Amino acid sequence: MEPESSASLPNSLIFASKALKISNRSDLKRFLADPDAVTRLRASSYQDLYFVVKTLGLENSQDLLILATQEQRCGFIDLDCWRKDTFHMTAFTEWLAAYIACGPEEIARTARSIDPNLLAMFLKANVKVYYLELDEPRPDLPLMLTPDERFGIEILGEDKVATVARLLLDAMFRMDPSLG
C-alpha cells in the first residue's frame, strides 16, 4: 500500500510530519541517512513521531519504530488506541503486529514499554492459562508452555489477533522471560 499523498492527508498530519521533515518514503530514506537521525528522532516528541508514522503507514515505518524510545512507543499506543475512555483493541493489535514485524527483540521491548494493564487486557481476551500440576496429566490441548513449564497457554481463535498473541508471547518468553 502506498502512503497517501500530502494533498489527501489531514492538515494536522501534514503539519506534524514536517517537524521531522518526513512525509514520504524518499524523505524517510534521506532522514535515516543523516548521521544525527537517531538523536533527532529520539529528541522529537512522541506526537510528532506518531504523526510521521501515521503519514507513512505502520507497514512503511519499521525503521522509525525500531528507533523509537520506550516513552515514544507508549505514546503511540496512548494516542492511537484510546477514544475518550474506550480502548480500541483493533488499533492496539495493529501496533503489536507492526512491532512483531520488526523482530522479537522489538516486540519484547515494546511490551515492556506499554502499560502492563493494557497488555494483560489484550492477553486476557486472547488466551486461556492453565496451571500445570507436576503430578497430574496435562490437558489434551495445543498449549504454549511458559519458560518454567508451570503454566500452559491456549491461544484462542485462529485469526490475525490469535497469531499476534502467539508471537507476542513467544517473543516475551524468549527475550524477556520475567515479563512473560
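A residue is called buried when its relative accessible area is under 20%, exposed when that area is over 50%, and partly exposed in between (1.4 Å probe, protein chains only). The model shown is predicted, so local features need pLDDT of at least 70 and side-chain atom pairs count only at pLDDT 80 or more, while totals for chains, interfaces and linings use all residues. Residues are numbered from 1 along each chain as its sequence is written, and side-chain values use heavy atoms, with hydrogens and water left out.

View 1. Helices are DSSP runs (H or I, at least four residues), numbered from the N terminus. With a relative accessible area of 9%, Ala98 is buried. Not counting residues up to four places away in sequence, Ala98 touches Leu58, Gln62 and Leu65, where contact means heavy atoms within 4.5 Å. Ala98 and Glu59 lie 39 residues apart in sequence, and their C-alpha atoms are 6.7 Å apart in space.

**View 2. Asn60 in the loop between helix 4 (46–56) and helix 5 (62–67).** Asn60 has 13% relative accessibility and therefore counts as buried. The side chains of Asn60 and Arg25 are joined by a polar contact of 3.2 Å.

**View 3. The crossing of helix 8 (residues 104–113) and helix 10 (residues 160–175).** The axes of helix 8 and helix 10 come within 8 Å and cross at roughly 90 degrees. Pro104, Glu105, Ile107, Ala108 and Ala111 in helix 8 meet Leu168, Ala171, Met172, Arg174 and Met175 in helix 10.

Conventions. Helix = DSSP H or I, 4+ residues; strand = E, 2+ residues; numbered from the N terminus. Polar contact = N/O pair within 3.5 Å; in protein donor to acceptor, adjacent residues only side chain to side chain. Axes fitted to C-alpha atoms, helices over the stretch in contact; angles between N-to-C directions.
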